[in-house]
Amino acid sequence: MAFFCKRRVVGLHDYPRSRAPRTIDDARIEAVVVRTLEKAPENATHWSSCDMANAIGLSLSKARGILRAYVSAPCR
């Protein structure tokens, strides 16, 4: 609020925020997306987030985040 009082409308500008650096590189993300779209898992018709995490060696939350961001079909 104080910043707005000093700078007015310019003070509402959203400055870049610091965040932790990415821990997964583009090649690993691409591997998840390609595997999801081009291969079906054994004994299943589609990938679940848990199956993908186990197959690619990522945590469940990382695998789920990649699938949500890059794959249009919902994965369970």
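Asp26 is exposed, with a relative accessible area of 52%, where exposed denotes over 50%, buried under 20% and partly exposed the range in between (1.4 Å probe, protein chains only). The side chain of Asp26 meets that of Arg22 in a salt bridge. This is a predicted model, in which local features need pLDDT of at least 70 and side-chain atom pairs count only at pLDDT 80 or more, while totals for chains, interfaces and linings use all residues. Residues are numbered from 1 along each chain as its sequence is written, and side-chain values use heavy atoms, with hydrogens and water left out.

**Salt bridge**

- The structure holds one salt bridge, a term for a side-chain nitrogen of Lys or Arg within 4 Å of a carboxyl oxygen of Asp or Glu.
- Between Asp26 and Arg22, the distance from N to O is 2.5 Å.
- Arg22 is exposed, with a relative accessible area of 57%.
- In general, side chains of opposite charge can pair when their charged atoms come close.

**Nonpolar core**

- The largest nonpolar core has eleven residues, among them Ile24, Trp47, Leu58 and Val71; such a core is a set of buried Ala, Val, Leu, Ile, Met, Phe, Trp, Tyr and Cys residues joined through side-chain atoms within 4.5 Å.
- Helices H2 (26-38), H3 (49-56) and H4 each give two or more residues to this core, and H2 provides the largest share, three residues.
- Helices (H or I, at least four residues) and strands (E, at least two) are DSSP runs, numbered from the N terminus.
- Soluble globular proteins tend to have their nonpolar side chains buried together.

- Val33 lies in helix H2 and is buried, with a relative accessible area of 15%.
- Not counting residues up to four places away in sequence, Val33 touches Ile66, Tyr70 and Val71, contact meaning heavy atoms within 4.5 Å.
- Leaving aside its neighbours within four places in sequence, Met52 is in contact with Val32, Arg35, Thr36, Trp47 and Leu67.
- From C-alpha to C-alpha, Val33 and Met52 are 10.0 Å apart in space, and they are 19 residues apart in sequence.

**Largest pocket**

- The largest pocket has a volume of about 170 Å³.
- A pocket is an open set of points on a 1 Å grid over the protein atoms alone, where a 1.4 Å probe fits, with protein on both sides within 12 Å along at least five of seven lines; lining residues have an atom within 4 Å of a point.
- Grid points are joined across faces, edges and corners, and the volume is the space filled by probe spheres set on the points.
- Its lining includes Arg22, Ile24 and Lys62, and helix H4 (residues 60-70) supplies the largest share, four residues.
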